[in-house]
Amino acid sequence: MKRSLRSWLWSVPLEQEVDDELAFHREMRRREGRTPPPDPAVRGTLLTLGRKRDREMRLMQWLEEIWTDVRFAIRQMRCAPGFTVVAVLTLALGIGANSAIFALADAVILRPLPFPHADRLMTVEEWGPQQGGRSRIELLNFHEWRHQSRTFDAMAAAWVPAEGGGPVMTGLDGAAETVSAQTVTPQFFDVLGVAPIMGRTFADTDDSTDPRVIVLSEGFWKRRFGGDPAIVGRMITLDQRPHTVIGVVSDSFEFIRRSSIWRLLPLPTANASMTGRGQCGVCQFLQVVGRLKPGVSPAAAQTEMTAVANALAERNGNTGRPRRVLVTPFRDVLIGTDLRITSMLFLGVVGLVLLLCCANVANLVLARMTIRQRELAVRGALGAGRARIAAQLLTESVVLAGLGGAVGLAFAGGILAVAPRWVPDGLLPGILTLGVDAHVAIFCAGATLLVGVLFGLAPVWHVTHAPLVEAMNAEGRTSTGRGNRVRRLLVIGEIAAAVVVLCGAGLLLRTSLILESIDPGYEAARDHVVSGEVSLRGPRYSTDQAVQQFLDAVQREVEGIPGVSAAGWATTLPMGHSDLGRQSFQVAGAEASSDARPLADLQVVSASYFRTVDVPIVAGRPFTGSDRADTPPVAIVSEALARKYLAGRDPVGARIAISGQGTVEREIVGVARQVKERPDEPDDFVQLYVPSAQVPRGETRLLVRTAQGDVRELVSSIRAAIGRVDRLVPLDHIATLDDVARAGTARPRFRTTLVAAFAVLALALAMVGVSGVLAYSVRQRRREFAVRLALGATAHHIRTLVWSDAARVLAAGVATGLTGALLLGQSVSAFLFGVAPYDPITFAAATIVIALTATAAACLPAWRASRTDPAVVFRE
Amino acid sequence: MADKTPNALLHGSLDALILKTLAGGPRHGYAIARFIEDTSGEAVIVEEGSLYPALYRMERRGWLDAEWGESELGRRVKMYRLTRQGRAQLAAETAAWREFAAGVSKILLAQ
């Protein structure tokens, strides 16, 4: 090591070195009397070798300097353990939080889905002619698409029930249980590229009108069959029909949501009813997923599918109601816009928090610079160039940031380990896993380096602009003023960033509060009603009469339980799920327009439903026991439907036809108050009720209301009541209406909580900055304060000086922050409901919060300033 | 040994000879050549074409260290000295040579 330094210091140009050496050698030889012929090639060889040597030495020297700086930086940090710990923890907090949020953004936005060649996976959807949304895909249409498409390698359809609902498995230990199932076409696993861990997956030869083969998930196989190695070939009873297990697939596979078993969609029979019950109907909401041929663009597939669908519609004579076919990357469908923009929001907020951390550490470092000013001045005087000193200071910053980054990465790992418990169900598709991986580590390293350079620039700028000789003489009595200005600007920036985050949190909080307090439309107390799901399947319930008998019998049994005040059936939970979705309808006598048929949320409810959840009937009558299968068909409409489609006439007595139910016209017997299905549902969302006695549904929900007390305590009695009617029908997805409503607002609540937590953090960081910079400025103005006090100023006067100093910084910060919040407001508008992005109340509240905390932060420095003792200061 | 060509024979062992020479103390290039020639009784002649490239290579490898010094005639010359690494290399090469020479001797000098 010494070698390179010495040769460096005393070096002469390489050419002279070589020439001198050779000349000396030749002269000595001449003196000896022996003059061998000079070798002409040797000079060139030596120059080449020398150049290589010098290059290496420069590199060595550079590395050595860095190493020296690093060692020096570590020594410096050891000298100031308090400063180091605070700085490292601050940075670790910022970098750790950023890395954790990045892991989410990476999984959601950047990383491909865990399927082979996931970029070739597309979903194909059909959209109705109305703005209404996705429409049902008919299985027959799907088969046409599959056979006619040339851009897809393969295509599969799957029916994914909304919430785990599925067939009932019996016979294992006598008990009946609902098993979550997805019903798919045989190509399903091949399209997604999933290989079984045991047995096989479906093959084309399994296709039939009554398929009896199933594939199990690894978890279900282990949990329910104890990992039976001979599972393949075993018979399992589903919906009272025997099925054969043909294979098991790994738990790392998931399609949209978890499923325990996969079974086959029956091939449509010649007389397939379009509203089949019991089995999954042939016109359920099918998910169609296809694998593009290599090199085919989604746009090409879109063009082709549009042509295929149009030709199909023409052949079926459906030209009047064009449906659009949409080819979208599977990734977009699986992950969804909400999750994508949510992770962008988090990334933005946490980025601001990191900047705040940076600013605070920069402030700390600047404060230390004043202590080290003399040290640096001495270095300068001894011949260290400004570039050299700057390099050394930057190295110190990067080493500090490196420590912060290392701790931060561990912190991020900790966050990600516990995060799944806080994330609401259904926000994150189960197939996405969060953890510290190579991507996150690289991001963390990048952030660390950036942060090190960012806050490292402050002292570098300070030093390279401060006159060193002055600093050497200064003894800290006068300040150059420059460091102070940088620090003020940093604090103004910190306040501004905190204001932006506070405003964002405030807007989200108002949104959450509005959503939580929304009037759901029903009057029963939310925690007095419990709901559960039943699913009547199999030969026993193949007729409407059988279903109706079950529903009536259960209602009678449940209403007989002591404490139960009412019980009813419904296919839609208020503030929760809607099983039937939107159906188009037509008001009799209204002008029929072919391309914009209105849609309504269709609900099949028992007569007791309105009483059970207490939905007021504002006109006409509710359903009664006398609305039966053999009486005239009736319907009840919501206020919005009456307002929008029956304006100017008496809704009661009007007639309405609902699609999917033949040409039956129903008489409207009543108007029900609007009931919200989602908290952010628009007020004009139309709803339509039909009595379950006229359209019995085997898949429906039981609602039970208690007069008082905990409704959950009734669950076992309710189960027993159902058991008395049919031992083999389980009650699933038990939830009170309170649970249901809370689940509906879980996402906004989660967003609000997280952003609010960051806002509190930002506020705390900004206040540490304010307090620090004021304390520093008070220390520097001690002589001024002492003079003022000596000349008769009161302590109150001195405090006012500090307060007004704080007020100036605060005003500048708040003004900048509010401007920023106004500019950024639009970017959060997607998350807001019932509140404008420039909501004045929120902005005012954010200003008040920051002003109050800033005042608190200024208290200590102001008090210190007023306690300046002139006698002590002058003696210094 | 009519066409004895010492440089060809030496090709592999010049490094070792230079290291051994410098073990006695720092020397400039010419002095190294003279020392080897004198000590070998002029059996080994070291020319500039092989000496200096070898010195530069060994400096790069860190076996030698160079600095400017003054010659006996008062001229500025480059002095080479052995580094710790060079000393270790000398020991290794000496051991290797001893083994090699013993092996060759067993064959060439066999009765």
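1. Two strands are taken to pair if DSSP finds at least two bridges between them. In this predicted model, β1(B) and strand β3 (residues 76-82) of chain B meet that criterion, pairing in the antiparallel sense over two bridges.

2. Chain A has a secondary structure of 23 helices and 23 strands. Along the principal axes, its C-alpha atoms fill a box of roughly 125 × 95 × 55 Å. The radius of gyration of chain A is 38 Å, whereas a compact globule of 876 residues would have one near 29 Å. Of the 876 residues in this chain, 41% count as buried. Among contacts in chain A with a separation of 6 or more, 84% are between residues 24 or more positions apart.

3. The contact between the chains draws on 22 residues from chain A and 21 residues from chain B. On the side of chain A that touches chain B, the elements giving two or more residues are α1 (2-9), α2 (14-32) and α3 (42-79) of chain A. Helix α3(A) supplies the largest share of that side, eight residues. By class, the side of chain A that touches chain B comprises nine nonpolar, four polar and nine charged residues.

4. Within α3(A), the residues A:L46, A:L49 and A:A73 are buried. The buried residues of this helix pack against α2 and α10 (386-418) of chain A, together with α4 (48-61) of chain B.

5. The largest nonpolar core contains 108 residues, and those with the most contacts inside it are A:V353, A:I495, A:A498, A:V499, A:V501, A:A762 and A:V770. Helix α9 (residues 330-381) of chain A gives the most to this core, with 21 residues. Leaving aside neighbours within four places in sequence, A:V501 is in contact with A:V349, A:L352, A:F758, A:A759 and A:A762. Another core, of 62 residues, lies apart from the largest one and includes A:V558, A:F623, A:V675 and A:V704.

Methods:
Residues numbered from 1 in each chain as written. Chains lettered and ligands numbered in written order. Predicted model: local features only at pLDDT ≥ 70, side-chain atom pairs only at ≥ 80, totals over all residues. Contact = placed C-beta atoms within 7 Å. Helix = DSSP H or I, 4+ residues; strand = E, 2+ residues; numbered from the N terminus. Nonpolar A, V, L, I, M, F, W, Y, C, P; charged D, E, K, R; others polar. Buried ≥ 20, exposed ≤ 12 C-beta atoms within 10 Å, placed from the backbone. Core = buried A, V, L, I, M, F, W, Y, C linked by C-beta atoms within 7 Å. Rg over C-alpha atoms; globule rule 2.2 N^0.38 Å.
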